[in-house]
Amino acid sequence: MKANVYNTAMETARALIKRLIRLVEEDPRKVYHIAFSGGSTPSLMFDLWANEYKEVTPWDRMRFYWVDERCVPAEDSESNYGTMRRLLLDFIPVPAESVFPIEGTNDPEEEAKRYSDLVCKEVPLWRNLPFFDAVLLGAGEDGHTSSIFPGQEYLLSSPHPYEVSVNPYNGQKRIAMTGCLLFNAKRVIFLLTGKNKVNVVSDILNSGDTGPAAYVAHHAWEVELFMDESADQCAIDK
Ligand code: 6PG
């Protein structure tokens, strides 16, 4: 697990953008399949990417997928796809056929199946499962990630690429990438900023079974953390 700490959330977002650009530049013949999480944290990254790195990103060799999605219309402010569209996708030269949103208005069980089938068809396979070049994750204060909340750890061992989960705080249904893809990805990258993430960052760094995010961080193939000092207790204790 490689932990990268930066002074501010903005510097952290810029560092992650540059990391992803370096990744896509590794092989100019390759198409890179990347799954993005939502929530509020990545919004700063999307905005900076559109405004500061649009011209230097090889968009034509990127394919956009989602780690998870709230079961709401794309126009809803809660939509992870809608948020990326409003902040990034509407401003960059990426064709619709390179963007694979989860449909938040479909029947959740049907959409989990449809999206599972879609990624199995679009993403190259390894060990007979989609092999994402990168899966970008956030983590909630309660330790959830990929909309897998504490108490829903069974989703970490699901054989189905995506399943329906439920936000326990408001009953909102979600479509969530499960462990079979999280643990099959070439790399998992966490973006963790803000002082409200200190506890989950500590769990991720120091344990491995105190919640879904910590478990994923300790069982995925290659894990990188991009954090600001607010989220990193070690930095605070200095
Ligand atoms: C979602 C995300 C989720 C997110 C964490 C952190 O749909 O909510 O994919 O897993 O990464 O909840 O959310 P914040 O960035 O809002 O703290």
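Visitor: What should I know before we start?

Guide: Residues are numbered from 1 along each chain as its sequence is written, and side-chain values use heavy atoms, with hydrogens and water left out. In this predicted model, local features need pLDDT of at least 70, side-chain atom pairs count only at pLDDT 80 or more, and totals for chains, interfaces and linings use all residues.

Visitor: What makes two rings an aromatic pair?

Guide: Rings of Phe, Tyr and Trp (its six-membered ring) pair if their centres lie within 6.5 Å. Planes under 30 degrees apart are stacked, over 60 edge-to-face, and the rest tilted. This rule gives 14 aromatic pairs.

Visitor: Why is the pair of Tyr6 and Phe226 called stacked?

Guide: The ring centres are 6.1 Å apart and the planes meet at 10°, so the pair is stacked. Tyr6 sits in strand E1 (residues 2-6) and Phe226 in strand E11 (residues 223-228), 220 residues apart. Helices (H or I, at least four residues) and strands (E, at least two) are DSSP runs, numbered from the N terminus.

Visitor: Is Tyr6 buried, partly exposed or exposed, and what about Phe226?

Guide: Buried means under 20% relative accessible area, exposed over 50%, and partly exposed in between (1.4 Å probe, protein chains only). Tyr6 has 22%, so Tyr6 is partly exposed. Phe226 has 3%, so Phe226 is buried.

Visitor: What kind of pair do Tyr115 and Tyr162 form?

Guide: Their centres are 4.9 Å apart and their planes at 90°, an edge-to-face pair. Tyr115 is in helix H4 (residues 108-122) and Tyr162 in strand E8 (residues 162-166), 47 residues apart. Both residues are buried.

Visitor: How do you know that the length of helix H2 fits its residue count?

Guide: The expected span is 1.5 Å times one less than the number of residues. H2 (residues 41-52) has 12 residues, so the span should be 16 Å; the end C-alpha atoms are 18 Å apart, which agrees.

Visitor: Which residues of H2 are buried?

Guide: Among them are Met45, Phe46, Leu48 and Trp49. The buried residues of H2 pack against several elements, including helix H1 (9-25) and strand E2 (32-36). Contact here means heavy atoms within 4.5 Å. Phe46 and Trp49 also join Phe36, Trp59 and Phe64 in a cluster linked by ring pairs.

Visitor: What makes E4 and E8 edge strands?

Guide: Two strands pair if DSSP finds at least two bridges between them. The open sheet has 3 strands in the order E4-E9-E8, with antiparallel pairing. Strand E4 (68-70) and E8 each pair on one side only, as edge strands.

Visitor: How many bridges join E4 and E9?

Guide: E4 and strand E9 (residues 173-177) pair over 3 bridges, in the antiparallel sense. Arg70 stands opposite Arg174 in E9.

Visitor: What places Lys30 over the face of Tyr32?

Guide: A charge sits over a ring if NZ of Lys or CZ of Arg is within 6 Å of the ring centre and within 35 degrees of the ring normal. Lys30 is at 4.5 Å from the ring centre of Tyr32, over its face. Arg127 lies over the face of Trp126, at 4.6 Å from the ring centre.

Visitor: Why is the phi of Ser146 worth a look?

Guide: Most residues other than glycine have a negative phi. Phi of Ser146 is near 50°, a positive value. Ser146 lies in the loop between E7 and E8. At 3% relative accessible area, Ser146 is buried.
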